[in-house]
Amino acid sequence: MLNNIHIIKKLFFLLIVCPLLTFSQEVNFSALNVDSALSQGADSVIIHEEITLDLSEEGTLKTSVYRVVTVYNKAGLSDVKAYASYNNNSKVSKIEAVIYDLLGNEKQKIKKRDFKDVSAVSGGTLYADSRIMYLDYTATSYPYTVSFVSETESKTTAFLREWMPVSRYESGTQFSQFTVIHNPENTLRSKSTRLEEYDVTVEETAGKTVWTARNITPISQEYNSPALDKRMPRVKCFFDTFYLEGVPGIAGNWKDFGKWMYDELVIDTQDLDAATIAQVQELVKDLPDEEAKARAIYQLVQDKVRYISVQVEIGGWKPMNASDVQRLSYGDCKALSSYTQSLLKAAGIKSYYTILYGDTGKESLETDVVAMQGNHAILGVQLGDSIKFLECTSQETPFGYMGLFTDDRDVLLVTEEGGKLARTTKYEQEDNLNKVSAKFILDAAGDLSGSISRTSDGIYYSARMQLDTKNDKDLKDYYYNTFDGIKNLSVSDISLQNDKLAINYKEDMKIEASGYASKINENFLIEVNPFAITRDAIPPRYVDRKSNFIILRGTVQKQEVEIALPQNFTVNSLPEDIEITEEFASYKATYKIKEGMLYYTRILKLNEGEYSVGVYNAYRDFYKNCVRLDGQKLLIEKK
């Protein structure tokens, strides 16, 4: 009876798992036949695309791709995607391409041997076995059409490619189909977004799901808009069990998934020898509390190791051994986070290997998709009831500081008890303060002298913390570019104070600027705010904007300027104080003259949030007002 059931299952798979490259429609390769609604203003159009993920064989992922793309200009080349990756645990069994001219006539056929085969490793990577085969074709005229076919096989099923029928801006899609084939006993889980807003259909049968999209017109990238994957249809698929280069894994829930990561990827790499453990214990024995000990160990790591990418061991997800980091003094984000955790463990301090997405866009793990995610590792240190997160790849980042690359996002703590979701440090609006204070003297020749002081807190700190690594010339050039609103600027006596405990950066300098004020007969015309924002800051104008706009982080920019006027000169008239308040931002400027001193204060606040497309013109007008008000000129008259 069991044998009969087995035979029935085999027959079932033969019926549903068609040959990988059986395409469903006749394709016309002429660019002249593309619907103008899709091609008008487009860089490229996907004429026909079929992507099939076949997981019917346990522990194996077979991927087939058939893509026909018409390219209208150089920018559209990235939509061809005529490449396939492989490594020691995967292979490319077929890859070829055909080039067609405007009329759809075949111009050139490119076989597997003609594809470029190169390492997929960046210059900062010490070792990795990843390689890529790609089409190296230089167009002599546009438009042209590329037909691309590939078949690959991998022993990793943990990473299932997501499907976006439109994967770039200024690209249309005529037909795109995404098929996932699997053992019916393994439940396919999927997360889809925005399908209902487009012509996308879904067909589900036992062991097979097919998504099909038709006639999706191009969209344009817009200033501060949500990411493309938030605006276009997208499907992500995952299973409760998977294989990572042949190693079985569990992803039914975050607790079990994190437990699997801890047991299979992390714990057996933390192999410090007795001498290193004794060294750590000696380092911290007289320190008063766990935070002081953790800070000392973090400083030890920063002084000892440097970052080098090492993409080996179970698909680049398993850290290299802590003993190797100790011996070699280098590692990647995984290795350095695990190594730091090993050192903290030697001092009796609990910490958590942490997985997240590192990027300035604050991308979070998708917490409703239990699967391999993330591109970066950091370390969470348990200090009382709170967790301080450490960026272990940086030799400058202060203890517990999360900059633009890692702040305010959902992450996974990999613990001995299992996975736990957490969120990295968020810097609130008032924390994100950029304050410039200036004290100037304006002389009777119109020249300016005095001092500038700038303090940076919160997210602004991350842009300053490496300033003290610059040489004198580079540092001066930096300030000439930063304060380019002061013509003929000369800086001297630069002082930098990096307070890593308070996470505050302070810059002080003396300045001179000849001819700052414009001479008008016996009088002067001056810009009261030499740090004014310029017209470049005004968001672009759209005739018909389509998307909402986002302010990712709330910030405060404060400027305080004092100008001592030359003797026997006074301000003709002061502008009125002004305050503008909108839902997305506010602006306030005040002016005062007292005993020959001109005092000016300006505060610009941006409020974090996503705002509707209908508010965008008001947002743009707000910035136009800021530029106008920041550029206010005053007449300094001789008495």
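Rings of Phe, Tyr and Trp (its six-membered ring) count as a pair if their centres lie within 6.5 Å; planes under 30 degrees apart are stacked, over 60 edge-to-face, and the rest tilted. By that rule there are 31 aromatic pairs here. Before you click, note that this is a predicted model, where local features need pLDDT of at least 70, side-chain atom pairs count only at pLDDT 80 or more, and totals for chains, interfaces and linings use all residues. Residues are numbered from 1 along each chain as its sequence is written, and side-chain values use heavy atoms, with hydrogens and water left out.

Select Tyr478 and Tyr479. Their rings sit edge-to-face, 5.0 Å centre to centre with 70° between the planes. Both Tyr478 and Tyr479 are buried (under 20% relative accessible area, 1.4 Å probe, protein chains only).

Next, pick Tyr619 and Tyr623. The ring centres of Tyr619 and Tyr623 are 5.5 Å apart and the planes are at 80°, so this pair is edge-to-face. Tyr619 and Tyr623 are both buried. Now widen the selection: ring pairs link Tyr542, Phe549, Phe584, Tyr611, Tyr616, Tyr619, Phe622 and Tyr623 into a cluster.

Last stop: helix 5 (residues 274-284) and helix 6 (residues 290-304), which pack at about 130° with axes 9 Å apart. Helices here are DSSP runs (H or I, at least four residues), numbered from the N terminus; axes are lines fitted to C-alpha atoms over the stretch in contact, and angles run from 0 to 180 degrees between N-to-C directions. Show side chains to see Gln279, Val280, Leu283 and Val284 of helix 5 meet Lys293, Ala296, Ile297 and Leu300 of helix 6 (heavy atoms within 4.5 Å).

Technical notes: Helices (H or I, at least four residues) and strands (E, at least two) are DSSP runs, numbered from the N terminus. Buried means under 20% relative accessible area, exposed over 50%, partly exposed in between (1.4 Å probe, protein chains only).
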